[in-house]
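I opened the model to look up its pockets, a helix contact and a sheet. My notes follow in the order I made them.

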Amino acid sequence: MKSVKYQFDITDVSAHLISVTLSFTPSSPVHELMLPAWIPGSYMIRDFARNIVAINACDKSGTLELQQLDKQRWQIQCNNSPVTVSYQLYAYDLSVRAAYIDDEVAVLNPACLCLSVSMQETLPHYVIISRPQSRVTNDWRVATGLTRSQGTDFLSFGEYSATNYQMLIDCPILLGKFALTEFVINGISHYLVVTGDNLTDLSRFTDDLTRICQQQVKVFGSLPTDLTCYWFLLWVTEDGYGGLEHLNSTLLLCNRFDLPAPEHTQVDENYQNLLALCSHEYFHTWWVKRLKPVAFQQYQLVAEQYTRQLWLYEGFTSYYDDLALVRAGLIDGKTYIKTLEKTISKVMRNPSDNQQSLTDSSFTAWTKFYKQDENAVNAVVSYYAKGALLALCLDASLRSCNSSLDDVVRQLWQRYLVSGTPDNALHNVLTELGFAELATQTDNWLTQAASLPLAELLPALGLTLTLRPMQHSDDFGGEAGAENIPFIGAQTKQLNGLLQLTQVYLGGNAHQAGLMSGDQLLALDNRKISATSLPQLLKRYPAGCTLTVHFYRKDRLLQSQLTLNTAAQQVAMLTVAEQQLYDSWLQQVLPG
């Protein structure tokens, strides 16, 4: 049977180099080889082919002509004999999207390593993963969702396979020294892989993850029928955070202090964030890896592929990730309220909340959300955060009618799994379930650049929302501090001993004073300021007063008048008004 084969050889750990050998039997005199420009789930052009440092091709008769057509495609002239393409790549991208090699770990995404062969993408694809010839890799093992071939032992170097090219590039590979635990849900083995030597309670982590996965299964009613195993591939670093979903696995990045400390029973903020990340990526097992927009039914990885539905797939997933933690009993209701306050404040305190719609945010993710600049707070809405708030609004509206968002999610899953979701999928399902008015209202929430009516809807969940002015750049909710500190209307960072403005909020105090992103603040009211002294100084002035601010703009020394008006940005405070409604929501019990 015809197939496409690759061999991975890490040739130089210190130089972060990997050699790939591609073998195939031509089915045409001419084939095109292509390396994806992006990886599904991360909507930004990555240009992975830029990491190829050398490439050549041959068959039994000798060297074959290999013509580069553009930044990521090559054309190869073939004879009637098997072809071997050899190429070397630089792998030092510390992210979950590409490839990284050092003396501790190798993280290999086939999407950035494996050239596709035109007209052969549907054939079986095999990968031989060779053990690196280096002393530092003697105790390395292999973890991946790819299928082991006969003769390859569990976690061993050897041959692995995928049914086609799309499946191949959807299975990251992790090499290194790691700990592994297994848990079973509905008869399906789930593996937790944690790299490195860490002072952590792996048993507790496994138990907590099991409870989270069980909650996500409850939303859909069952695991996907084609799922035979699932891998949590956790890459632990000094400083990192992120995750990317795959069909039967997720590649996660965290720092070692996100892991639970031994003998500590409380879920601190770092561990909560890690659990929420795992929860988020696991929800994607159903929600975008199987059910997906019509446009993503066949990925076209040579260029951008647009959809207006990222609010549905990332926003709803963001809603359910933390919700699963409280439903699993890992965090309490008070902690969850703080999490909600943070999400609401992140969205509502930015001017962009009234500048960009959720559908537009989804469509322009390639050039705006994934390429944010200093004006992002004014122009770019997060389809993750605001999409989660849309889900919250829908859940509140549905529960007031003795239904829930879970019902809608299951209906979307069942109806559109095969065909993919059109842009009006949510509207259709809401209408079919008898919520035509809510369907129309949801369309408005999606297409209009306006704040969501959270204050009006949250009482259905037993919550009361009030808003207050923002006091400082890290103010994300809860009761205001005892000290009244006016917010200057800009984000700042310390740079070379000076306080630099990194983002200026439209309509805020800094904007009204004519300050710009990049300005370096020197003094306020003739007093030197720094990141630590500025809030101390601000709290000594009453709201409404006007002060002289001195600053550098590039190489010019300037001054302006800064009026300390009450901040227009809004910060959320949530209180439980009806405990029974609140508890029934979190416990997935419909109101009577």
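I sorted the lining of the second largest pocket by class and got 12 nonpolar, 8 polar and 8 charged residues. In this sorting Ala, Val, Leu, Ile, Met, Phe, Trp, Tyr, Cys and Pro are nonpolar, Asp, Glu, Lys and Arg are charged, and the others, Gly among them, are polar. The model is predicted: local features need pLDDT of at least 70 and side-chain atom pairs count only at pLDDT 80 or more, while totals for chains, interfaces and linings use all residues. Residues are numbered from 1 along each chain as its sequence is written, and side-chain values use heavy atoms, without hydrogens and water.

I noted a volume of about 760 Å³ for the second largest pocket. Of its 28 lining residues, Asn 164, Gln 166, Gln 297, Gln 298 and Tyr 299 are the closest to the centre. Strand E3 (30–34) and helix H1 (165–168) each give at least two residues to this lining. Helices (H or I, at least four residues) and strands (E, at least two) are DSSP runs, numbered from the N terminus. A pocket is an open set of points on a 1 Å grid over the protein atoms alone, with protein on both sides within 12 Å along at least five of seven lines; a cavity is a set where a 1.4 Å probe fits but cannot get out, and lining residues have an atom within 4 Å of a point.

Next I looked for cavities. How many cavities of 30 Å³ or more are there? I found 1. The largest cavity holds about 40 Å³ of space. Grid points are joined across faces, edges and corners, and a volume is the space filled by probe spheres set on the points. Ile 488, Leu 515, Leu 521, Leu 524, Ile 529, Leu 534, Val 549 and Leu 562 line the largest cavity. Its lining has 8 nonpolar residues, no polar and no charged ones.

I then turned to two helices. H5 (residues 333–348) packs against H15 (residues 579–586) at about 85 degrees, with the axes 12 Å apart. H5 is therefore roughly perpendicular to H15 (65 to 115 degrees). Gly 333, Tyr 336, Ile 337 and Leu 340 of H5 make the contact with Tyr 582, Trp 585 and Leu 586 of H15 (heavy atoms within 4.5 Å). These residues divide into 6 nonpolar, 1 polar and no charged.

Last, I traced an open sheet of 8 strands, with mixed pairing and the order E5-E4-E8-E2-E1-E12-E15-E14. Strands E5 (62–63) and E14 (147–148) are at the edges with a single partner strand each, so one side of each has no neighbour in the sheet. Two strands pair if DSSP finds at least two bridges between them. E14 and E15 (residues 158–162) run antiparallel, joined by 2 bridges. Thr 147 is opposite Ser 161 in E15.

Conventions: Axes fitted to C-alpha atoms, helices over the stretch in contact; angles between N-to-C directions. Parallel < 35°, antiparallel > 145°, perpendicular 65-115°, else oblique.
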